[in-house]
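Good morning, colleagues. I would like to take you through one model, from the whole chain down to single residues.

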Amino acid sequence: MIDWAWRIPFLFSCVLVAVGVFVRLKLTEAPIFLAVLDESKSKTLPMMEVMVNHFKPFFLGILICISGYVLFYIMIAFSQIYAKSAPIISEAGYVMGLGFSPQIFTALLMFSSVSLAITITISGKYIDKVGRRIWLIWTTVGVALFGLALPYFLKNGTTVSLFWFLITGMGLIGMGYGPLASFLPELFPTHARYSGASLTYNIAGLFGASVAAIIALPLNANYGLKGVGIYLTLNAVLSLIGLVMVYSASMVPATKGTLTGGIDVPGTYFYNRQLAYVIMSFIIVFFIAFLMNVKLLSNIKVQKGMIIT
């Protein structure tokens, strides 16, 4: 069965493709977007439009998305490596793995993914009642607390603690992922909405997932699971800063004038310019400092002869 069973998920994906095509054919464009097409406001180089004329909401969007990417990498990649690796000790004296079999971790990850689907569905249903920004703020607070609790889940972890770690983390990913499809486009005016949202989300992946992929294992070797958890919490703080800097249009009196950046529909968002510059400087320095330490952290050697008994 092992020789051919791996093909089954790919065959079932054909059904998902058919469902996706059906849903896409039934969708219609929003009236406000159709109005822009009628007025010929579409841009020849929409990416340049985003980078040049809407850089601030683009930057804030990156901050808001970054913790979700870091959390996703830790749940999918780091936890898998840590769970499967032998429980050897680094030179700094920290455990590098739990020694679980690949079959056990894969089964736990598969079952925990159910919580991802459930929380995406829940968030999609209730974000309009609670408010997208408020929902994301509380979810990001949960990610920050989850980062601080990470060592307690994985240190000397059992099958049960690893399972609850995966269930909780996947649930938080779903709670954050659900609102982004509507939240990110609202940061931009209509004619730059699709380009702005997609560019923001993908660039956040470069700063979130790629940096986490480079630094998570060396952080664990040098600082232990606390280092990985604090790294996740710091990224959640950055996302919270971005969310705090974004306000609902309904919170601003009409006497304040037109919203910054040409945002043209009720319930969308604007930002504080001066604070954006301060946070921009902070995030650049923050990531440069981490990248400068990657080479040093990557040179940590594991003492393969030291095994936990």
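Of the 309 residues in the chain, 42% count as buried, where buried means under 20% relative accessible area, exposed over 50%, and partly exposed in between, with a 1.4 Å probe and protein chains only. This is a predicted model, in which local features need pLDDT of at least 70 and side-chain atom pairs count only at pLDDT 80 or more, while totals for chains, interfaces and linings use all residues. Residues are numbered from 1 along each chain as its sequence is written, and side-chain values use heavy atoms, with hydrogens and water left out.

The chain's secondary structure amounts to eleven helices and four strands; these are DSSP runs numbered from the N terminus, with helices being H or I of at least four residues and strands E of at least two. As for contacts (heavy atoms within 4.5 Å), 78% of those between residues at least 6 apart in sequence join residues at least 24 apart.

Which residues have the most contacts inside the largest nonpolar core? They are Leu71, Ile74, Phe78, Leu154, Leu162, Phe165 and Leu166, in a core of 34 residues. A nonpolar core here is a set of buried Ala, Val, Leu, Ile, Met, Phe, Trp, Tyr and Cys residues joined through side-chain atoms within 4.5 Å. Helices α5 (55–84), α6 (102–130), α7 (132–154), α8 (159–183), α9 (193–223) and α10 (225–244) each contribute at least two residues to this core, and α5 gives the largest share, eight residues. Leu162 touches Ala83, Phe100, Phe105, Leu108, Phe153 and Leu154, leaving aside residues up to four places away in sequence. There is also a second, separate core of 25 residues, which includes Leu63, Leu180, Leu187 and Ala204.

Thr119 belongs to helix α6 and counts as buried because its relative accessibility is 13%. A polar atom of the Thr119 side chain lies 3.0 Å from the backbone oxygen of Gly171. With residues up to four places away in sequence not counted, Thr119 touches Met170, Gly171, Gly174 and Met175.

Finally, the surface. Trp4 sits in helix α1 (residues 2–5), and Trp4 counts as partly exposed because its relative accessibility is 48%.

Note on methods: A polar contact is a pair of N or O atoms within 3.5 Å; within protein, one must be able to donate a hydrogen and the other to accept it, and residues adjacent in sequence count only if both atoms are side-chain atoms.
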